[in-house]
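Have the 3D view open as you read.

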Amino acid sequence: MLKFREYVRAESLEDAYVRNQKKSAHILGGMLWLKMQNRTVQTVIDLSDLGLSGIEETEEEYRIGAMTSLRDLELHKGLDAMTGGAVRESLRHIVGVQFRNLATVGGSIFGRFGFSDVLTMFLALDSWVELYHGGLVPMERFAAEGAENDILVRVIVKKEKRRYAYLSHRNTKTDFPVMACAVAVGEGWRSGEGERAAGRAVFGATPARARSYELPAEWLERFQGSGEEERKVLAAELASVVPTGSNIRAGKEFRSHLAGVLLYRGLMEALYGGSGQAAGAGAPACLTKEKEGQRA
């Protein structure tokens, strides 16, 4: 059971930031995961009065307030159109509508949870976090490093002409994902080694925190020029570098196999608008026997 000794509604971001410098303080988001913890917090800080809820659109970007609910994000027509439904797909399996009406974008991103569909999806976008003290930070860097004691003000998503797909596999419809995969293909990527990149694949719930992997242009051209079976082999080879592990939901070997399957289907969805199976719909047919054997 969560207990706290002092509840404070911050009067400004500066007020929230100063109070949050104490190790005994904690920022409140939607409080849906926090309330499940068995701990006592000296001071909890509520940002509800600071106008951080809502999604603003400019010619170049979307600006998503930290207190915006996941449901508002799910229903936003602009983000839905830009991503071809990928953002909506990444959110619709998260527990239920009542839960998504309360859970916040800021809490979901700041927590950097290993099971996070939200973080997995945002890593596939050209996205940034705006921190009160730390300023603008690329999402990939924030996911790796976090921002202890800072305040996440908003998430910024740049408008890019890319194609996206999001797929996840779950043991039950509203459970945490066993594995999640977000794919983005299009122009404007640059790999860390200076090679031309044509896309990005992000794997989440491995069960570790989501990580992104670049798709070299030459590899993607080969994928597009290959037949179905060779494409599956190429996807499995690329996904083989993704570190996976075991927990109560699935074993390491099953997750490693899933990574290749979801990458193949995600690429087919992003490139051609279909992968032979609706994203997130039940257990992949080719995995049923293996999953049943794992449970036996």
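Helix 9 and helix 11 are roughly perpendicular to each other (the label for angles of 65 to 115 degrees; under 35 is roughly parallel, over 145 roughly antiparallel, and the rest oblique). They pack at an angle of about 85 degrees, and their axes are 12 Å apart. Axes here are lines fitted to C-alpha atoms, for helices over the stretch in contact, with angles running from 0 to 180 degrees between N-to-C directions. Helices are DSSP runs of H or I with at least four residues, strands are E runs of at least two, and both are numbered from the N terminus.

Who touches whom? From helix 9 come Trp 219, Leu 220, Phe 223 and Gln 224, and they meet Tyr 264, Leu 267, Met 268, Leu 271 and Tyr 272 of helix 11 (contact means heavy atoms within 4.5 Å).

## A word on the model

This is a predicted model, where local features need pLDDT of at least 70 and side-chain atom pairs count only at 80 or more, while totals for chains, interfaces and linings use all residues. Residues are numbered from 1 along each chain as its sequence is written, and side-chain values use heavy atoms, leaving out hydrogens and water.

## Rings in pairs

A search of the whole structure turns up seven aromatic pairs. Rings of Phe, Tyr and Trp (its six-membered ring) pair if their centres lie within 6.5 Å; planes under 30 degrees apart are stacked, over 60 edge-to-face, and the rest tilted. Phe 115 and Phe 176 are stacked because their ring centres are 4.2 Å apart and their planes are at 20 degrees. These two are 61 residues apart, so to speak linking distant parts of the chain. Phe 115 is partly exposed at 25% relative accessible area, and so is Phe 176 at 26%.

Trp 219 and Phe 223 are stacked too, at 5.5 Å centre to centre and 25 degrees between the planes. They are four residues apart in helix 9, which means about one helical turn separates them.

Terms used:
Buried < 20%, exposed > 50% of the residue type's maximum accessible area, 1.4 Å probe, protein only.
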